[in-house]
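This report describes the overall build of the protein chains shown below.

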Amino acid sequence: MKTTYKLIALLAGFLTLASCSQSLLDIPQQGVQSEGNSYITDADCEAATAAVYRAWRHAWSGNGESSTDQTTYCNLLWFKTLMADDSFAPVHTCQQDISSLAISEANPWVAAIYEFLYKTVYSCNIVLDKFQPESDIKIRNMAEAKVFRALSYYELITLWDRVPLIDHVMTPENNYQCAPATQEELWAFVVKDLTEAIESGALSHKKNLDDKDMGRMTEEAAYAIRGKVYLTMKEFSKARADFDKVIGSKLYGLIDNMNDLYHNEANGCKEYIFENIRHWDNSNLYQQDGWYGLEDNWLFAYGMNAAPDAPYKFVSFQGWGTVNPTKKLYDAFIAEEGAFSSRRLASVLGMEDLPALKVTVDQTLNWTGNEGYFRFKWLMNMDDEWDQAWTGRLNNTPCMRYADVLLMMAEACVRDNVSADTYINQVRTRSGLAPLSGATIADVKKERFLELCFEATRWQDLKRWEEFEGDMHKELADKGKKIPTTYGHEDGTITVTYVDNPNPAAGWQDTDIRLPYPLVEIQTNKLITSGND
Amino acid sequence: MKTINCLKALIAVCLIGISATVSAQNIRVKGTVTDKDGLPVIGAAVVQKDAPRNGAITDSKGEFSLNAPSGAVLSVSSIGYVGVDLPAKPEMVIVLEDDNELLEEVVVVGYGVQRKSDLTGAISTVGAEDIQGRSISHLEQALQGKTPGVTLITTSAQPGAVPTVRVRGIASNGTSDPLYVVDGLLMDDISSIDPNSIESMEVLKDAASAAIYGAQAGNGVILITTKKGTKGEGSITYDFQYSLSSLAIKPQLLTSKEYISQAMEANPTFTDDDVLRLIEQGTWDGQSSTDWMDVAFGNGVTMRHTISAQGGNDRGSYYITLGSYDEDGMVKLSKDTYKRLTATINADYQIKSWFKVGTTLDYANYAVSPLVDGVALGGSGVRSPNIFAIAMATPPYMQDRYAPDQLPEEMAMQIADGKKLFTDDEGNYYNTLTGLVHPEVAVKSAERKNYGNRFSGTLFANFTPLKGLVATSRLGFKMYDDNTYYFIHEYYGGENFLNSSETLSANRSHTSTTYYQWENFVNYTHSFGRHTLGAMAGMSYSHNTNLYTASNISSAAKDDPLFADVHFPAGTSVPSADGLELNTAKLSYFGRLNYSFADRYLLEATFRADAADSSVLPKDNRWGFFPSVSAGWVISNENFFSPLKSAVSFLKLRASWGQNGSTSNLTGYLYANSINTNPAGYSFTNTTTTYQTTFSPAQLSNPELKWETSEQLDFGLDLRMFRDRLSLTADWFKKDTKDLIIQNINVPYEAGNISAPVNGGNISNTGIEVELSWKDQIGDFFYSISGNIATLKNEVTWLNPNVSDSRIMSPTGINFIGAPSAFEVGYPIWYFRGYKLDHLDENGDPVLANLSGDPDGVIDENDKTMIGKPLPDFTYGLTLTLGWKGIDFTVFANGSQGNDMFLCYNNANLMYTLKNIYDQRWTPTNTNTRIARPQAGTDPVRKYMLSDAWVFDGSYFRIKQIQLGYTLPSKWTKVVAIDRLRLFASLDNYFLFTAYPGLDPEISTNAVNAIGLDLGAYPTSKKMVFGVSVTF
């Protein structure tokens, strides 16, 4: 009997002991925020949206030196510029392959650009998935996320033709497998995002023409992007209507001095439709994602020297000359504008321009990938880059200029057989060129080539014009087939030689119309194959 | 006075003893010794009990004869039988009963004990006798060579350093430490336990034995039982050990002439003129060579005292021990030390017939003064670096130290410049011109200390409400207080900034660990007829809190011991502080069922369910379930076996299968996509430098993440023959570990972020383990020889194909050269990956094999291949014990075969430090060699330094111990109230047989992913040990 009691007491005791609560195992992680508590308030929404801007800044104009692999210097501005016929790359095989149109699926920059753009889409999807349109801030931010998502897709579609359409944050089921969508689906999605953003009425506006402090994606910028999308889709009247919204807003204009573009003087200027913002801030240097100016600096490490009293504030210690102008571009400037046009001097220089800048060639050396010309547009200066720390540029980078909008408007007008003169002539007049009358498509193309050189529009322009005039075939046929080398001599003269590019893939081939999917993407996403088209 | 009395007594006793022998009346005794079946017992010892020197051995017919005093008692004994004492008679027929001790021997299993004969799993035991008298400082070392399938990885042999234990190969790309269970307390570090307080260690190797510990048992479990008091009169034992240690292998280094000749070969611009300059500057006298090994190394002394008391009666028992261990290693200046004070109190008491309580308590106070080792020269920015590599790489023409009036000009200038050069006790200046830091300066330049207190133990209560039912409630706890401290003096040791310090940085860190586990389990056994049923069920909850704080100052106020702390910053000092509390918890349910029929058929099944806390696994995936089954067949108990029984006393076949887990590589919320916040994320304004914070997920989440699982199949055999003289245990196992935690997995870019770690790899370990022993007694001569051997085949069988670069390279590399250790499908874990040397060209420069067939002959990443593997093909151990009267003699050796070592003491340039390699180098007259000509370390040469030319066979055979002991006859010692007095002397690690040219073939840079990589670490020392053990 006694034993039975003891046994019962014992078992009861054990049951009590054994009923340890599982909640004891719920130990929250310190020092981090979790998904569950990070996406609730308006302030949270601002933080998630700022991450979108940051992701786009990284994609468009670089990540400074915060990573260490070959993709450190990669950004859309350089990447697209190198693919076009206004520039050539001297070093780094993956960059030279890009500028030779010998871009393989293993090219690390192809992977980087693809990754950066989808990372931006992902940041947008977080804003759109995690928040509900329940306050003014959230409604505005969701509209901004849609614009950035559309913008990222514009780049993805024009570069790769067909890509997976990701309109939500993916979950790990199916290992993130996703098939490419059709071009029609993708364009429809882009138009829908932009239209919804515009129609929400929540996007910001600049206060006036001189408002330098509008750091957000505005409604006018959304119109400009949708206009560019319509132009690409060959819906010219819709494009014109959208560009008209930008032009008609009178909130944008052309600045007087083209030399200021891409430097601190132009931060927030009336010509920038939208831009990547950075600050010259010693305590947050590495947070600015400045593109690595030293890489695209002139070849100062290779036998060039700038005098200490040079009129331009060169960062004249080293440099690789990554984006070198082609002779074709220089010649086009001379043919159109004569020897000393202000636009040419703000864009591309020849040897004859160096003495005025107090730059000399001081020893015998050779510059591979260079045809004897120097890019002056967005050449970094002492005010742009904290060069002592090599962190990258700290000035804003425009992603679209008003001049681009005017010229896209001009193009849409010409295609619709409406006079484009007003628009094209605004651009020409700023550079002191004679106005045109009855501008043709050829005029518009030439104007875009010169005005927007090194600004990552050319390759997509050529692709857009390909179906009308076969421009891509014509203009890129010999791109990169020969590698130029400029020999500088101590007397300051140069000679340029050309050798055949040993890479058999160099030069235009029909498959170059779109970029290859990155190797890792093909390996990991079974629904994408290299030949999938 | 007292001494004289003692002496008198001793003499008296001797005289009495002699007179007793002389005066007795002898009879002739003839007899036969048989077993219970009437078969003769051969080799049985028959001795006169009070005069053991008078005895005989039975012959092949079991017969013996001897003279003995009438009325004397004869002791008859033989291995495998219960000994008997009988009065001497002229004719004797003695029948010996079988000794069932081996059958009844129990072993500790998880949450219970089992008869050894009933075991169905693979368990190896190390007993107290394997530990006693060893000069080891840590318990882990006692496992080496004694248990097949247990290997040790040593990253340093300096005082206080703890080797890493691996059971049955290596089962993970991350940590694969076994679980230690000390008297039921789960521990991951047993370094503070005094080996002398250990009764036994059971290594649960197969999955079925270990499965009761579920998610922590994937890498094997080691059950440690501390000593308990035994019934009977209490005893007090005092053990003392004194050992002298010194370098086990002193490598032969280059002489000055050889060194200079090498410098000339490497650098044609270094000519006789430069040599003359060395002599003119007084750097070299043109003749002598400094042996930097002698400069750095001397003798070390270890003293160890252990005093213990134990006793017990029918109701309770106690065991108390105090131990002191004080080791000063072989590096000069006594700054490689390990001091440990330990205390153990174990007690239990049967309060009621149904209620027993008990406790096991361990306390340790320890202090280690460590030296930097295992770091490549010139590498990783560590101040006062690896003196083992320094001693080998310093030019021998450099003088060790200079008297103040004979200083070289440059050193005089350094002093004049206000640099703080160190002097020795005689005021001589250490050389600062060697290019490296002087070993004694390296040692003197910093004060380093790791020290603390560790208190751990259990309290338990056993309820026995019914016969056969025992319910246990047990509380286990650990309270650790671990501290680190360092202070860097101001000093100038050489030109390299790493060899000097102008500031006085001080650092302290403190970690306190508070752990408790509460376990409640019920054991039930019931026999009916020939059936025996056993059941166990229980639960466990554990909680651990780690509190970490650290502080640092960049400069102290004064270079004075009284100011050498964080509390005394200089005005310019930059302080820093850190602190964090981390909590983890586990909840488990477990159970076991045993069934046996007629001691022939044995069946066992276990099951454990473990829940990890949210820092380890996602909430929805936190439960792990770990089953196992095992079976045994004792063939020797079958009726049909009886004809063989006289030769084969025991034969059992075993088979087991089970799954175990490991969550040790999952700590720190690996699965979660926590949100990174960046306060300077993005600015929406051009006019002010203000930022909007950004939120972005750090990675993709992996809600599917789960523990690593080891699935193991084991077939075993236990055999005892010839009256248990011969015993054999053999096991074959196959252990497949899956779901390894793999980082750096590529996912499609559309996912938008980097992948969380995934379960993405499998490893297979297979092997055979054999333990064989023979023991016998011939008269009063006992001997035993036992050996064990374990083979291992380790292979990575699967790796997620999306892992970056399709293989994992170890992050532990060699400066300028890269990491040789790789983890890849189809290869042994962390195999050496590098280039193959094809030949040396006509200039003595290396030409590497162009394995990729690159038409341009470019040697790149694609030409790397497997050039070695750090894991051995087999390991073995051998123990020989002899005993005769009071004399005992033990030889213990262990070995490893088929493991490779990657030798890398010097990596900046291709310059040789070891003479035997130097002698093999290419010269115009010695062209048939693989050792390239000395030269500067530029790119192609660095690839050669990552080639198979630097992979050496690391196989070795080491005689770890040769010990001779003498136990004084008790009749002498009893006079001074000593029950037992043993003296011993031992030579430990004196003999090593290996082809490896480096300092120690047992050294690895780290135990996880740089196994077999030798960057120069504190090598195993040899020790001369003297000891005494007294029991009152």
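The model is predicted, with local features requiring pLDDT of at least 70 and side-chain atom pairs counting only at pLDDT 80 or more, while totals for chains, interfaces and linings use all residues. Residues are numbered from 1 along each chain as its sequence is written, chains are lettered from A and ligands numbered from 1 in the order in which they are written, and side-chain values use heavy atoms, leaving out hydrogens and water.

Chain B holds 13 helices and 56 strands, where helices (H or I, at least four residues) and strands (E, at least two) are DSSP runs numbered from the N terminus. Its radius of gyration is 33 Å, close to the 31 Å that the globule rule gives for 1032 residues, so chain B is as compact as a globular protein of that length; the radius is taken over C-alpha atoms, and the rule is 2.2 Å times the number of residues to the power 0.38. Chain A, by contrast, contains 19 helices and eleven strands.

Buried residues (under 20% relative accessible area, with a 1.4 Å probe and protein chains only) and accessible surfaces (Shrake-Rupley method, 1.4 Å probe) are tabulated here.

| Chain | Property | Value |
|---|---|---|
| Chain A | Buried residues | 61% of 533 residues |
| Chain B | Buried residues | 56% of 1032 residues |
| Chain A | Accessible surface | about 19,700 Å² |
| Chain B | Accessible surface | about 42,200 Å² |

Along the principal axes, the C-alpha trace of chain A spans about 115 × 55 × 45 Å, and the C-alpha atoms of chain B fill a box of roughly 105 × 70 × 65 Å.

Terms used. Buried < 20%, exposed > 50% of the residue type's maximum accessible area, 1.4 Å probe, protein only.
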